[in-house]
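Please look over the sequence and the structure first.

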Amino acid sequence: MNQDNQSNEHESETGAPQEPMKRHPCVADIMTRKTITLNPHHSLTEVVSLMADRYFRHVVVVDTAGRIVGVVSDRDVLRALSRTSNWQTKDVGQIMTRDPFTVKGETLVSVAVAKIVSKRINCLPVLDDEEKICGIVTSTDLLKAYQKLLESLEHAS
């Protein structure tokens, strides 16, 4: 069989077809690939406008080299707005969560879920092999994956 026309079935040593090999789902299977990034010098006003205009709740903060330095969530924004009267003078670096927990694309979904639950967070930026942002996995992404799993189990029975 040539490499361009491979099947998902594998043969046993006796030549009989076996079930296709199943792998466990990883973060890359369910993550949101389009991420919005800002630098620490963007204003809080810009973050508020960005979140108001688009449908997401997390912004990844990167330095000039593209390395992740923080995350700003809608909760961070609300906290900043409620705790200071001069919020228009704040920048992203002042309100972001520094050194956020991250995962790689090949991280098992179960490991990502465990991290989100144990750390009581709602997102994990996903880093590539060069430690650059390549996506984000959120509690919403995990719930969508769980919904698909439940629906497939319901249809199978």
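A residue is called exposed when its relative accessible area is over 50% and buried when that area is under 20%. The model is predicted. In helix 3, R75, L78 and S82 are exposed, whereas D76, V77 and A80 are buried.

- An open sheet is formed by 4 strands in the order 3-4-5-6, with mixed pairing.
- Strand 3 (37-38) and strand 6 (97-98) each have a single partner strand, so one side of each lacks a neighbour in the sheet.
- Strand 4 (residues 58-62) and strand 5 (residues 68-73) run antiparallel and are joined by 5 bridges.
- V62 lies opposite I68 of strand 5.

**Helix 3 on the sheet**
- Helix 3 (residues 74-83) packs on the sheet, where it touches strand 5 and strand 6.
- The direction of helix 3 makes about 70 degrees with that of strand 5.

**Two sides of helix 3**
- The buried residues of helix 3 are D76, V77 and A80.
- An α-helix has 3.6 residues a turn, so residues three or four places apart point the same way.
- Among the elements covering the buried residues are helix 2 (44-53), strand 5, helix 4 (92-95) and strand 6.
- The exposed residues R75, L78 and S82 are on the other side of helix 3.

**Cysteines**
- The whole structure contains 0 disulfides.
- C26 counts as buried because its relative accessibility is 12%.
- C123 is also buried, with a relative accessible area of 9%.

How values were computed
Residues numbered from 1 in each chain as written. Predicted model: local features only at pLDDT ≥ 70, side-chain atom pairs only at ≥ 80, totals over all residues. Heavy atoms only, no water. Pairing = 2+ DSSP bridges. Contact = heavy atoms within 4.5 Å. Axes fitted to C-alpha atoms, helices over the stretch in contact; angles between N-to-C directions. Buried < 20%, exposed > 50% of the residue type's maximum accessible area, 1.4 Å probe, protein only. Disulfide = S-S within 2.5 Å.
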